[in-house]
Amino acid sequence: MRILFFLVAVLFFLFQAAPAYSQETADTLACRQNRGSCSFVACTSPLVDIGTCRGGKLKCCKWTSSS
């Protein structure tokens with residue numbers, strides 16, 4: 001019976017912490033809406049830098065259009 005209370009407490013703690021990890025910064029959402037992808041390194045050809053992700057910590061890269 002004690003293990004059941006322990007498991008319920010652990011699950012409650014985990015589900016309370018989950019929303020903090022699911023929230024993304026505004027620049028990351030804007031990058032994805034512009035069909036870009038977040039990168040740890042600088043964007044290289046054929047990708048171009050169109051902004052930032054994760055509050056300015058990452059680069060937002062997008063494929064250049066050939067037309």
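**View 1. The side chain of Thr28 makes a polar contact with the side chain of Thr25 at 3.0 Å.** A polar contact here is a pair of N or O atoms within 3.5 Å; within protein, one atom must be able to donate a hydrogen and the other to accept it, and residues adjacent in sequence count only if both atoms are side-chain atoms. The Thr28 side chain also reaches the backbone nitrogen of Arg54, at 2.7 Å. This is a predicted model, in which local features need pLDDT of at least 70 and side-chain atom pairs count only at pLDDT 80 or more, while totals for chains, interfaces and linings use all residues. Residues are numbered from 1 along each chain as its sequence is written, and side-chain values use heavy atoms, with hydrogens and water left out.

**View 2. Here is Thr28 again, in helix 2 (residues 26-33).** Helices (H or I, at least four residues) and strands (E, at least two) are DSSP runs, numbered from the N terminus. Thr28 counts as buried because its relative accessibility is 0%; buried means under 20% relative accessible area, exposed over 50%, and partly exposed in between (1.4 Å probe, protein chains only). Leaving aside neighbours within four places in sequence, Thr28 is in contact (heavy atoms within 4.5 Å) with Cys38, Thr52, Cys53 and Arg54.

View 3. Ser39 is buried because its relative accessible area is 18%. Its side chain reaches the backbone oxygen of Val41 at 2.9 Å. Not counting residues up to four places away in sequence, Ser39 touches Leu58, Lys59 and Cys61.

**View 4. Met1 sits in the segment before helix 1 (2-22).** With a relative accessible area of 71%, Met1 is exposed.

View 5. Along the sequence they follow the pattern α-α-β-β-β. Of its 67 residues, 13% count as buried. A UniProt annotation from an unreviewed entry, "domain: Beta-defensin-like", covers residues 27-62; such annotations, given in the numbering used here and with shortened feature names, may be inferred rather than shown by experiment. Over residues 27-62 the chain is 19% helix and 42% strand, with its end C-alpha atoms 14 Å apart.
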